[in-house]
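Hi everyone, thanks for coming. Have a look at the model on the screen, and then I'll walk you through a few spots.

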Amino acid sequence: MRTDGVRFSIVRHAAWAPGLETPEQWHAWAQSAFSVAPITAAGEPGVRAMVPMLRRRAGQLGKMALEVAYACLGEQRDIPLVFCSRHGEVARAVELLSALAQGEPLSPTAFGMAVHNASAGLFSIARTDTANQLAVAAGAASIEAAVIEACGLLADGAAQVLLVLAECPLPVPFEAFEDCHEQPHAFAWLLQAEASPGAAFSLTWRARSSDDALAVAAGAMPGSLAVLRFMLGEVRTFEHAANRQTWCWSRHA
């Protein structure tokens with residue numbers, strides 16, 4: 001079964017990962033034959049646009065998400081936000097579960113920052129922005145689900161939607177369950193309807209058949225990074241297999 005999918009324009013974007021902080025570094029990464037090499041550097045962004053009292057609450061994943069959200073949105077207000085992450089703040093959840101197992105009291109702050117919409121909440125509090133927010137987790141197809149949600153908001157009348165994705169490697173207890181080489185990265189896209197000025201894309205999907213040779217190999221690049229590489233590159237189409245679907249990304253002139 002096929003769908004007509006969704007169409008949209010990316011009018012502004014930003015990305016951050018340890019060792020890949022500037023647009024020039026990201027474009028070089030996307031165009032290099034070595035861009036499939038994993039991101040192995042350590043570190044987290046400064047998020048200088050946020051007041052220290054709030055910034056200190058965020059961990060690496062949250063700070064990456066906030067950094068790209070600020071960079072992409074600037075001073076704009078009242079823009080709906082779709083935040084997505086396959087695993088979210090799972091490292092914080094492991095810490096909380098470990099504390100429970102040891103009979104230790106839980107930190108209310110740590111608990112509050114472990115929920116999936118924590119980064120979006122910090123962003124809205126810091127900016128006193130009451131725009132609509134959604135937090136999405138859809139397994140290996142989280143970026144595709146977020147795009148569909150964002151396009152739904154555009155179809156419902158939003159002039160623009162900010163999409164923010166952030167991912168970190170899984171903590172030790174869950175490493176054995178990785179189906180790709182998880183790496184720290186975040187990016188933000190400011191989306192508008194396709195007719196708007198900007199780089200135009202479409203996303204369609206079809207159910208995967210037994211003949212579909214797109215299965216994700218263990219150790220492969222995460223789907224979100226592969227999609228980002230496509231967006232920053234020049235190829236016209238890209239297919240991503242996830243959640244029993246083949247997701248078909250296309251670039252339009």
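Let's start with helix α6, residues 118-127, which is mostly covered, with 8 of its 10 residues buried, meaning under 20% relative accessible area with a 1.4 Å probe and protein chains only. Helices here are DSSP runs of H or I, at least four residues, and strands are runs of E, at least two, numbered from the N terminus. This is a predicted model, where local features need pLDDT of at least 70 and side-chain atom pairs count only at pLDDT 80 or more, while totals for chains, interfaces and linings use all residues. Residues are numbered from 1 along each chain as its sequence is written, and side-chain values use heavy atoms, leaving out hydrogens and water.

Among the buried residues of α6 are L122, F123 and R127. The elements covering them include α3 (60-73) and β4 (161-167).

Strands β1 and β6 run antiparallel, joined by 5 bridges, and F8 has F201 of β6 as its bridge partner.

Finally, which residues of α1 and α8 make their contact? From α1 they are W26, H27, W29 and A30, and from α8 L225, L228, R229 and L232, where contact means heavy atoms within 4.5 Å. Happy to discuss!

Methods:
Buried < 20%, exposed > 50% of the residue type's maximum accessible area, 1.4 Å probe, protein only. Pairing = 2+ DSSP bridges.
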